[in-house]
Amino acid sequence: MGEQKYKKVAYYPGCALDGSGHSYNRSTKAVGKAVGLDLVEVKNWNCCGAMEVKNIDPKLQTYLSSRVMSIAANEMGFDTVMAPCNGCYHNLKKAEYDLANDADTIETTEQLSTKAGHATYEAGQIETIHALDWIKQGIGEDGLRERVKNGLNGLKVANYYGCMYTRPRHIFPEKDKGDGSESTYEPHFMDDLLEAAGAENVSFPLKTACCGGAHTLSDSDMSTKLVLNILKTAEACGAEVIATECPTCHSGLEMHQIRAEKEFGQKTEVKILYFTQLLGLALGVRPRKLGIHENVSDSMSFIKEKGLV
Amino acid sequence: MTPFADIEEQIDAESESATPLAADALLNLGEEVLSRWVEARGGTPTVDTREGFRLLALHRQGAKGEPSFNACRETCRELVYQRNLIVAEPDHPDTGQRVKLAGLVAKHLCLFVGGKMEVSGLGEFCCSSRELRTGSG
């Protein structure tokens, strides 16, 4: 059974879901609507600080993330923020941890919040959750099964979580708590949801491996090789689709799949779709509402061939 | 020291052998990769084990002071797991497939660490040596 407190949460899409990950944004909202979970977008949100600010000044990144949580808590009255992007999710969790444990960070955040003219975020006001937590704990597998209209028909899926969803462990105190909680060693929430939607999950040994996103600009060849290895591994495991839950990983997989063929002559056939797009198809949502046409690679003929529309 | 490109070739060769003997060879190549990382950062690769495996002890050593190195934590654990599957049941009909997967996991570790060394400007992977490494210099 789902948790009532996740029925209506503050939604922080972050920069990526406004741009290259727009289909993740669309499909997340569409799935929420289909299963009766409400999202209220955080007003006037800002970048979480991502990698660019964090690499230069980690305390400034913490402030930026804290501002998002402050608006949600102090101006909108929410106690939960849902962030579907692994980078945003990670940064908000890290800010929460630092603001609970580091006096210098608290002081910097107070100074910057005062200067910016908004209430200072205090640790404990907000629980940050991922889109996986939201659906898994908002309606659960049983709730999902009840709503499935067009099951995934045993579609073979490799669930790819990326490396930011589970590390570092200390900023995710709710994980690794046994039954019902997510695991940082062997994450399974996406597996659970897609299985409930009718998919057949393959055992995928690189589910938390690095996609090379950080190397994309400094060494594109290295990123392409890392992605190609992930794609080949998924195919070796028998997957027809890689399900993603991070816009950076997703974009990297799609773009470097094309680049691997162009630069290295290595073609892979596995499809890449957001887990929300797959859930949406199972819930009977039309592909366009899930932004499948916005993905870099064309999956429409595959989806039709599999009887998913 | 074995260049990374050579390690990649050895991983490919072991994977293609599809024999149970490749299991420990791939694990050893993983240890070689992590040893290179530790040495490039001025350390001496540990000979200790963690949970019975040197690879996991080397990962722990390599991640000290470099939290982002934990992005390959589960890759190391997967390599150990895949190795154990092969060693526990060498006559299993899936051994060929298991060796292939162990090879892909070992390859990922090699690519990840190689990429990090380049970004960190360490060893032969420093940016200025890229042309030599790729043979385009």
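Figure 1. In strand β8 of chain A, I272(A) is the bridge partner of I242(A). The structure shown is a predicted model, in which local features need pLDDT of at least 70 and side-chain atom pairs count only at pLDDT 80 or more, whereas totals for chains, interfaces and linings use all residues. Residues are numbered from 1 along each chain as its sequence is written, while chains are lettered from A and ligands numbered from 1 in the order in which they are written. Strand β7 (residues 241–244) of chain A and β8(A) pair in the parallel sense over 4 bridges; two strands are taken to pair if DSSP finds at least two bridges between them. Helices (H or I, at least four residues) and strands (E, at least two) are DSSP runs, numbered from the N terminus. The two strands belong to an open sheet of 4 strands of chain A, in the order β6-β5-β7-β8 and with parallel pairing, whose edge strands, β6 (200–201) and β8 (271–274), each pair on one side only. A residue counts as buried if 20 or more other C-beta atoms lie within 10 Å of its own, as exposed if 12 or fewer do, and as partly exposed in between, with the C-beta atoms placed from the backbone.

Figure 2. The domain assignment of chain A gives domain 1 (4–129) and domain 2 (149–305), with bounds that come from an automatic or database domain assignment. Taken over C-alpha atoms, the centres of domain 1 and domain 2 of chain A are separated by 24 Å. The contact takes 21 residues from domain 1 of chain A and 25 residues from domain 2 of chain A, where two residues are in contact if their C-beta atoms, placed from the backbone, lie within 7 Å. On the domain 1 side, the elements that give two or more residues are α1 (22–35) and α4 (86–101) of chain A, and α1(A) gives the most, with 10 residues. The residues of this side divide into 9 nonpolar, 9 polar and 3 charged, counting Ala, Val, Leu, Ile, Met, Phe, Trp, Tyr, Cys and Pro as nonpolar, Asp, Glu, Lys and Arg as charged, and the others, Gly among them, as polar. Helix α4(A) has 16 residues and reaches 22 Å from its first C-alpha to its last, close to the 22 Å expected at 1.5 Å a residue, the expected span being 1.5 Å times one less than the number of residues. Because 13 of the 16 residues of α4(A) are buried, this helix is largely enclosed by the rest of the structure.

**Figure 3. The largest nonpolar core, with V81(A) and its contacts.** A nonpolar core is a set of buried Ala, Val, Leu, Ile, Met, Phe, Trp, Tyr and Cys residues joined through C-beta atoms within 7 Å. The largest such core has 128 residues, and those with the most contacts inside it are V81(A) and L278(A). Helix α5 (residues 95–119) of chain B supplies the largest share of this core, 12 residues, and at least three residues come from each of domain 1 and domain 2 of chain A. Leaving aside neighbours within four places in sequence, V81(A) has contacts that include V9(A), Y12(A), L92(A) and I126(A).

**Figure 4. The helices of chain B.** The secondary structure of chain B comes to 6 helices and 0 strands, and 45% of its 137 residues count as buried. Helix α5(B), with 25 residues, reaches 36 Å from its first C-alpha to its last, and 21 of its 25 residues are buried. In helix α3 (residues 54–63) of chain B, the buried residues are L55(B), L56(B), L58(B), H59(B), Q61(B) and G62(B), and the buried residues of α3(B) pack against α2 (22–40) and α4 (73–88) of chain B. Just after α3(B), G65(B) takes a positive phi of about 75°.
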